[in-house]
Amino acid sequence: MSARVPLRCPAPPQGSRCRLAEEAAKDAADAAVRKTFAILGVDIDDPESVARLQSDLRFGRVMREAADDLAADIRRTATRAILAALVVIVGYGVAEWGRRLFLH
């Protein structure tokens with residue numbers, strides 16, 4: 001059976017094992033972050049590359065918000081057009097009813 005690394009650092013006499021586990025975990029996390037950003041095409045050691053990613057993310061947010069606003073405007077306009085058409089149809093119906101009632 002292999003020795004298990006404790007979840008919490010034990011008392012100082014066994015502290016070196018804990019330190020090794022913490023370093024291994026930190027190295028693994030750093031490698032995972034680097035690999036993830038490399039897949040996205042970002043060199044996290046290059047400030048310009050990180051700034052471009054941030055700029056792209058901001059642009060994406062602006063585009064999403066603009067698309068949401070446009071969709072809301074389209075829904076609002078369509079609703080108003082339908083209501084206007086209904087008012088016109090009802091108005092013509094009332095006018096025709098009035099003509100038949102009063103002119104015949």
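A: A salt bridge here is a side-chain nitrogen of Lys or Arg within 4 Å of a carboxyl oxygen of Asp or Glu. This is a predicted model, in which local features need pLDDT of at least 70 and side-chain atom pairs count only at pLDDT 80 or more, while totals for chains, interfaces and linings use all residues. Side-chain values use heavy atoms, with hydrogens and water left out, and residues are numbered from 1 along each chain as its sequence is written.

The structure holds 5 salt bridges, and one of them joins the side chains of Glu96 and Arg99 at 2.6 Å, N to O. Both residues lie in helix H2, 3 residues apart, about one turn of the helix (helices are DSSP runs of H or I, at least four residues, numbered from the N terminus). Salt bridges with shared partners join Glu96, Arg99 and Arg100 into one network. Glu96 counts as partly exposed because its relative accessibility is 32%, and Arg99, at 42%, is also partly exposed (buried means under 20% relative accessible area, exposed over 50%, partly exposed in between, with a 1.4 Å probe and protein chains only).

In helix H1 (residues 15-39), Asp30 and Lys26 are 4 residues apart and so separated by about one helical turn; their side chains meet in a salt bridge of 3.1 Å, N to O. Asp30 is partly exposed at 33% relative accessibility, whereas Lys26 is exposed at 51%.

The side chains of Asp45 and Arg34 form a salt bridge of 2.9 Å, N to O. This pair links distant parts of the chain, with Asp45 in the loop between H1 and H2 and Arg34 in helix H1, 11 residues apart. Asp45 is exposed, with a relative accessible area of 54%, while Arg34 is partly exposed at 40%.

Note on methods. Helix = DSSP H or I, 4+ residues; strand = E, 2+ residues; numbered from the N terminus.
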